[in-house]
Amino acid sequence: MNAKEILDRLVGFPSVVGTANDGVVAWIKDYAERCGARVTVLPGPEGDRANLFATVGPNHVPGYILSGHMDVVPAQEPNWTSDPFQLRADGDRLFGRGTSDMKGFLAAALAALPAIADMPLARPIHLAFSYDEEAGCRGVPHLIRRLPELCVKPIGAIIGEPSGLRAIRAHKGKAAARVEIRGRSGHSSRPDQGLNAIHGFACVLLAAVRTEEALHSSRLDPSFEPPYSSLQVGTVSGGQAVNIIPDFLTAEIEARAITGVTPADLLEPVRLAAFALEHRGFQTKWDLLSSYPALSLASDAPLARLLEDLTGAETLAAVSYGTEAGLYQTAGIDAIICGPGDIARAHRADEFIHVDELAACQVMIERLAETLQS
């Protein structure tokens, strides 16, 4: 199968983040095994989702990981011009959810498998496909923990997020949390008998705003846009009616951290403000939803030099969004971002990838394999 045919099959699986992915995992496993790869399916603790790890070449020496995620964001935008889970070709554009982010990379890697399997590899190539990356890289930590039993520690990992096939050496880290505040309901005419959860949250919101403003003038890294860490309250939900004292509120907050800053630490002033409400009679719950570290790879690192040779272009210093790369680097494996497509097309209606972008990525992967031949 060529990359377009594989992408057609992958897009057809509505593997939306947070949902079961057994269909796409089973298809990839069957295809990869038919190409000669050794495949291990790694179920996650959720019970209905799994990571997949496949190897071509010898397993007793270090090689390279091609890392990607099988999940996609929902496709609920009303202005899709075709079924988002059915690949549609229009000239050289292939439309569908996940075409750029990032089933295009998976398709290119899988299309390269037959050629790679025919090469006399002295070092292996591994495919590490994860779940729930779009929820904050929740699946890949389980995969990384299993790596010692799956292979010798890899030389490096290429994370195929859409980058226009230009390698990127750094990204911000991220942490997200949900806070729940429970007060006491009652009629709005008797506020003295209730405990307004929305009013209580005002102190938490103020802490978030002040923390975010302070970050503008704190530690800076000019590689990023913006050059500082950031924090925002992304969702707030609470209350039933204007004449009922709201007894419950939930909000979700995220922080994005430049290199050298721990993302979860940025949320700490907000967490403390939330729990301070308990002194006023509120009940507070705080859940860390996801957390992954920033990536920072030196411009002269062997992996950066390798990607420059493979792509024919200089590496880019940084992007502000996050990927699984920081988790690999924290595990002691050099990592870099490089994949087909454009991040600007992701998470929007009529997401697409160009046919020649798929082809160029497949060529890059096959060139990588050629460097590993005995």
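Because the model is predicted, local features need pLDDT of at least 70 and side-chain atom pairs count only at pLDDT 80 or more, while totals for chains, interfaces and linings use all residues.

**Stop 1: α3 and α10**

Select residues 99–117, helix α3, together with residues 355–370, helix α10. Helices here are DSSP runs of H or I with at least four residues, strands are runs of E with at least two, and both are numbered from the N terminus. The two helices pack at an angle of about 45 degrees, with their axes 8 Å apart. Axes are lines fitted to C-alpha atoms, for helices over the stretch in contact, and angles run from 0 to 180 degrees between N-to-C directions. α3 and α10 are therefore oblique to each other; angles under 35 degrees count as roughly parallel, over 145 as roughly antiparallel, 65 to 115 as roughly perpendicular and the rest as oblique. Their crossing is right-handed, meaning that the near helix is turned clockwise from the far one by less than a right angle.

Now show the side chains. The contact (heavy atoms within 4.5 Å) includes Phe 105, Ala 108 and Ile 116 of α3, and Leu 358, Cys 361 and Ile 365 of α10. By class, the contact of α3 with α10 has 11 nonpolar, 2 polar and 1 charged residues. Ala, Val, Leu, Ile, Met, Phe, Trp, Tyr, Cys and Pro count as nonpolar, Asp, Glu, Lys and Arg as charged, and the others, Gly among them, as polar.

**Stop 2: α1 against α3**

The crossing of α1 and α3 is right-handed. Look for Ile 6, Leu 7 and Leu 10, which are among the α1 residues meeting α3, where the partners include Lys 103, Leu 106 and Leu 110.

While you have α3 in view, zoom in on Met 102, which lies in this helix. What is the peptide bond from Asp 101 to Met 102, cis or trans? The bond is cis, with omega near -10 degrees.

**Stop 3: α5 and α7**

Next, pick residues 197–215 (α5) and 268–276 (α7), which pack at about 165 degrees with their axes 8 Å apart. That angle makes α5 roughly antiparallel to α7. Their contact involves Cys 203, Val 204, Ala 207, Ala 208 and Thr 211 of α5 with Pro 269, Val 270, Ala 273 and Ala 274 of α7. This contact has 8 nonpolar residues, 1 polar and no charged.

**Stop 4: two loops**

Go to Pro 226, in the loop between α5 and β11 (230–238). The peptide bond leading from Glu 225 to Pro 226 is cis, with omega near -5 degrees. Then select Leu 165, in the loop between β7 (156–159) and β8 (170–171). Leu 165 has a positive phi of about 60 degrees, although it is not a glycine.

**Stop 5: the cavity**

Finish by selecting Ser 15, Arg 49, Met 70, Asp 71 and Tyr 131, which are among the residues lining the largest cavity. The lining has 4 nonpolar, 4 polar and 3 charged residues.

Technical notes:
Residues are numbered from 1 along each chain as its sequence is written. Side-chain values use heavy atoms; hydrogens and water are left out. On a 1 Å grid over the protein atoms alone, a cavity is a set of points where a 1.4 Å probe fits but cannot get out, and a pocket is an open set with protein on both sides within 12 Å along at least five of seven lines; lining residues have an atom within 4 Å of a point.
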